[in-house]
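Thanks for coming, everyone. Let me put the structure up, and then we'll go through a few features.

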Amino acid sequence: MSQTTVAASSRPGTEDELAGMIRAAKGPVWVRGGGTRIVPPAGLEVLDTGGLSGIVLYEPAALTLVVRAGTPLAEVEALLAAENQRLPFEPGGAPGSTMGGVAATNACGPRRFQAGACRDALIGVRFVDGRGTVVKNGGRVMKNVTGYDLVKLLAGSHGTLGVLTELAFKLQPVPPAAATVILPGLSAKAAGAALRAAMSSPYDVTGAGWMPGTGALIRVEGLAESVDYRCGRLAVALAPHGAAVVERDPARVTALWRDLRAAAPLAGGTGAPWRISVRPSDGPEVVERLGGEAVMDWGGGLVTALYPEGADARARLTDLPGHATLVRGTGAARFHPEPAPVAALSAALRAQFDPRGILNPGLMG
Amino acid sequence: MQMPPPDRAILSRKAEIVARLRAALPGEAVIDDPVELRAYECDALSAYRCPPLAAVLPRTTAEVAAALRTCAEMGVKVVPRGAGTSLSGGSMPSEDAVILGVARLTRVLEVDYDNRFIRVEAGRTNLSVTGAVEAEGFFYAPDPSSQLACAIAGNIGMNSGGAHCLKYGVTTNNLLGVTLVTMQGEVIGLGGPFCDAGGLDLLGVICGSEGQLGVVTEATLRILPKPEGARPVLIGFAASDIAGACVADIIRAGILPVAIEFMDRPCIEATEAFCGAGYPDCEALLIIEVEGAPAEIDEQLRLIREIALRHDPVEIRESRSEAESKRIWLGRKSAFGAMGVMGDYMCLDGTIPVSALPMVLRRIGELSAEYGLRVANVFHAGDGNMHPLILYNANQPGQLELCERLGAEILTLCVEAGGCLSGEHGVGIEKRDLMTVQFAPADLEAQMRVKDVFDPRWLLNPAKVFPLETSAGRRG
């Protein structure tokens with residue numbers, strides 16, 4: 001349940017009610033889904049979207065789902081699992097995570113480089129902007145270029161352009177089989193080379209990560225015979241990088257990728273967690289420069305690392321193209337500073353959608 | 001279709017504007033000769049033509065910036081143009097606008113196989129992006145049918161798709177970064193060879209903005225390793241709805257083909273007469289392509305055959321060789337050419353939920369009879385992106401207007417079925433005035449506010465996408 005006091009929290013039950021609350025708002029509000037991804041700053045009135053919950057439409061034969069933004073992620077995942085379908089982008093998330101939070105943070109997982117992030121599966125939105133106006137964009141079909149793509153703009157906007165109320169997703173069938181090719185014991189650098197070789201192979205890998213102690217992990221999904229075939233070919237192709245072990249046990253395969261997604265080896269370590277997105281070939285270099293505990297995903301394109309609390313990891317990475325997000329902690333801005341012209345455009349967009357600057361002020365700049 | 005009346009003051013200053021552009025750019029980059037300008041009077045929506053004030057063809061990003069800055073200073077409208085293959089009139093000029101073509105920006109700037117990306121200038125054609133990387137076993141996935149001619153800049157402007165986007169996504173899912181020049185002449189880098197640049201997803205809103213927010217001069221694109229092989233199967237059906245039901249069952253079964261293409265009888269007959277692909281005599285057919293190693297292909301085709309057999313197919317024709325694959329694709333790939341031989345046609349682009357296919361196809365048949373105009377259907381069935389082709393005779397007075405009215409009815413039907421006006425061609429001028437069918441005033445207002453940010457004076461491709469009366473106050 002919400003940890004904020006009742007007096008400082010509003011929980012609209014309908015989109016209209018939400019629009020009315022935003023129009024009537026006298027000052028800044030903190031938009032909160034499950035409150036699992038970003039801790040609200042103290043003192044702000046909380047606008048809790050949990051009341052805008054429920055499945056609007058689920059059409060398994062069209063691979064389409066429409067939900068209200070406050071719907072818990074767990075409820076959606078259970079619904080889809082019963083039809084042997086899934087969200088393609090592996091959102092992950094703590095208990096209580098909502099679909100609105102998933103979209104507002106553009107959540108994604110190990111399948112990012114193959115199936116995309118939330119932005120790539122999100123095909124329609126409804127939201128209430130900072131003026132209290134209800135806006136819809138996109139729709140419920142897979143291909144749609146009718147007008148500007150505000151869906152992408154809202155995905156990852158962290159509530160600063162509007163409060164999401166309804167979301168349409170394109171889904172993926174769960175493949176019958178999944179396996180993981182493991183090259184045990186490799187360093188970040190050796191693993192990086194192996195992962196990039198796997199990603200450049202024709203074997204359609206859907207995961208390429210590294211955890212210290214475990215080694216390089218390469219996931220293959222699909223029809224059972226095809227998975228066997230591709231694992232075999234990958235083991236041969238990657239032989240120069242190390243001897244391969246193929247993990248086929250479904251529970252252990254699931255656990256490996258859940259651990260990687262959650263950066264499990266970092267749990268209990270000291271320092272603030274950073275997520276650093278770079279060219280895959282720069283991943284091992286990032287791990288080495290930051291010097292602490294780290295895992296790599298996306299073939300090295302994503303590094304999650306612990307860096308001393310209060311210090312700015314970006315200072316060590318200035319010459320590498322990419323960006324770094326401070327997931328939790330102090331001493332640096334959460335989001336990577338943008339070049340001035342880009343920051344100016346982003347600020348102007350926020351001013352258009354939220355002219356009073358009341359939605360999650362200061363969160364993105 | 002209407003365009004706003006040209007700005008007389010701009011027309012009267014043509015000589016001065018051309019001189020200013022010539023001063024800012026190398027001489028050969030500026031075209032003002034009326035005969036040469038005729039090449040720019042339309043795009044692939046050739047029913048509408050209008051010569052522009054002038055055309056500029058820069059060779060570098062700096063020259064693009066100089067051209068835009070000059071036009072902004074003089075208050076001249078600019079219409080960006082890739083290869084001019086837009087089917088919706090996205091690069092249709094107006095008399096008082098300068099065409100800014102990126103056709104001379106064609107270089108490959110960087111290829112990085114290790115990190116799976118290519119950086120190109122945006123005038124490069126779609127197919128030649130793949131051409132630059134295929135020797136190493138890679139390809140660029142989005143494959144619009146015009147891929148031999150169309151430019152990456154136009155693909156980004158319209159967020160182009162293609163037959164294979166069922167598996168690989170459309171342009172926006174394969175675009176990692178751009179160099180964008182704003183109407184004010186400012187050069188901005190967005191994204192790069194890494195995922196999700198953080199901050200607001202400006203790259204996501206640039207893609208598909210129909211050249212109204214800026215001019216893209218360079219693009220970083222995701223390239224993918226080519227699968228070991230691909231093979232199509234052709235399945236004929238006794239009725240269009242049965243083919244539609246078969247598509248739904250294949251998707252439901254969890255098989256993910258790279259393409260599921262649909263053709264109905266009028267389209268099959270036209271292509272047979274045109275290229276003799278030897279398609280079966282049936283009401284509808286599907287071409288389904290799967291990828292992988294030989295054994296993987298066999299496994300997927302076996303499952304598809306099992307599903308198809310439940311729908312009493314007229315024929316199932318599995319390709320067993322490269323030659324047979326080519327033959328199966330021949331008719332589909334010739335469909336638009338075949339229609340062109342039969343007469344004038346208008347190609348629609350509405351998308352519907354796959355589950356609504358049978359109903360929408362039936363209703364299109366009824367509308368076709370009501371209007372007395374033949375409609376052939378050929379489309380990407382796996383994602384519901386329809387391409388009804390309405391045949392008409394442009395030389396017969398009133399037929400174009402009749403055809404446009406039927407087109408508007410069919411697109412309205414798509415929206416009512418839960419779909420949208422355009423799946424991959426863009427709004428341009430063609431569907432501009434139908435936008436109110438799909439969007440409420442507040443929805444359009446939100447989109448126009450984005451343009452206000454990038455192009456406050458609405459000089460860039462201004463009379464497109466939004467109904468003229470909706471954008472009137474902003475266009476000045």
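Which element gives the largest share of the lining of the second largest cavity? It is β16(A), with three residues. Strands here are DSSP E runs of at least two residues, helices are H or I runs of at least four, and both are numbered from the N terminus.

A word on the source. This is a predicted model: local features need pLDDT of at least 70, side-chain atom pairs count only at pLDDT 80 or more, and totals for chains, interfaces and linings use all residues. Residues are numbered from 1 along each chain as its sequence is written, chains are lettered from A in the order written, and side-chain values use heavy atoms, without hydrogens and water.

Back to that second cavity. It holds about 80 Å³ of space. Among its lining residues are A:Cys108, A:Arg275 and A:Trp298. A cavity is a set of points on a 1 Å grid over the protein atoms alone where a 1.4 Å probe fits but cannot get out; lining residues have an atom within 4 Å of a point. Volume is the space filled by probe spheres set on the points, which are joined across faces, edges and corners.

Now the largest cavity. About 310 Å³ lies there. Of its 24 lining residues, those closest to the centre include A:Val31 and A:Gly101. β2, α3 and β9 of chain A each give two or more residues to this lining.

Last, chain B. B:Met359 of α15(B) and B:Leu402 of α16(B) are among the contact residues, contact meaning heavy atoms within 4.5 Å.

Technical notes. On a 1 Å grid over the protein atoms alone, a cavity is a set of points where a 1.4 Å probe fits but cannot get out, and a pocket is an open set with protein on both sides within 12 Å along at least five of seven lines; lining residues have an atom within 4 Å of a point.
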